[in-house]
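Please look over the sequence and the structure below before reading on.

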Amino acid sequence: MFGPIADAVARILDVILNLVQVLVIASVIISWVGGDPGNQLVTTVRSLTEPMFRPLRRLTRNLLPGPIDWAPMIVLLIIMFIQYGIIPYLRMEARLGP
C-alpha cells in the first residue's frame, strides 16, 4: 500500500523540484542581465524565488561576506540533495513495498 503512494510522492516532488530549479536559474540570469522590474515575468520570478533566498541571505551574510550572493547556489544544492538522496529512497520504498 505504501509503494504506490511513495512512488507518486517521489514523482510529484521531482517535478516540483525541477520547476524550482528552473526558477532559480531564471532568477540568476535576470540578476545578471538586469531585468526590467516592470516586466511581469521578472516580477513573477522574483516573487517566487525571493522567499527562498531571503533566509539564506541572512545566514550567509555573516558567514560568507563579499559581493557573491550564495543563496541561489545553496537552494540548488538543497534541491540536488533531495533529488539524489531522498527521492531515490522513496522510489526504492515503492519498489520494495510492504
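Helix H1 gives the most to the lining of the largest pocket, with six residues. This is a predicted model, in which local features need pLDDT of at least 70 and side-chain atom pairs count only at pLDDT 80 or more, while totals for chains, interfaces and linings use all residues. Residues are numbered from 1 along each chain as its sequence is written, and side-chain values use heavy atoms, with hydrogens and water left out.

A pocket here is an open set of points on a 1 Å grid over the protein atoms alone, where a 1.4 Å probe fits and protein lies on both sides within 12 Å along at least five of seven lines; its lining residues have an atom within 4 Å of a point. H1 (2-33), H2 and H3 each supply at least two residues of this lining, and Val28, Ser31, Trp32, Asp69 and Pro72 are those nearest the centre.

| Largest pocket | Value |
|---|---|
| Space | about 320 Å³ |
| Lining | 16 residues |
| Nonpolar lining | 10 residues |
| Polar lining | two residues |

On the surface, Leu59, Leu63, Leu64, Ile68, Trp70, Met73, Leu77, Met80 and Tyr84 make up a nonpolar patch with about 950 Å² of accessible area together. Such a patch joins nonpolar side chains within 5 Å, taken from residues with over 30% relative accessible area and no salt bridge. H3 contributes its largest share, four residues. Within the patch, Leu63 belongs to helix H2, and Leu63 counts as exposed because its relative accessibility is 61%, where exposed means over 50% (1.4 Å probe, protein chains only).

Conventions
Patch = residues over 30% accessible without salt bridge, like charges linked within 9 Å, V, L, I, M, F, W, Y side chains within 5 Å. Areas by Shrake-Rupley, 256 points an atom, 1.4 Å probe, with all protein chains shown as cover. Salt bridge = Lys/Arg side-chain N within 4 Å of Asp/Glu carboxyl O. Buried < 20%, exposed > 50% of the residue type's maximum accessible area, 1.4 Å probe, protein only. Points joined across faces, edges and corners; volume = space filled by probe spheres on them. Nonpolar A, V, L, I, M, F, W, Y, C, P; charged D, E, K, R; others polar.
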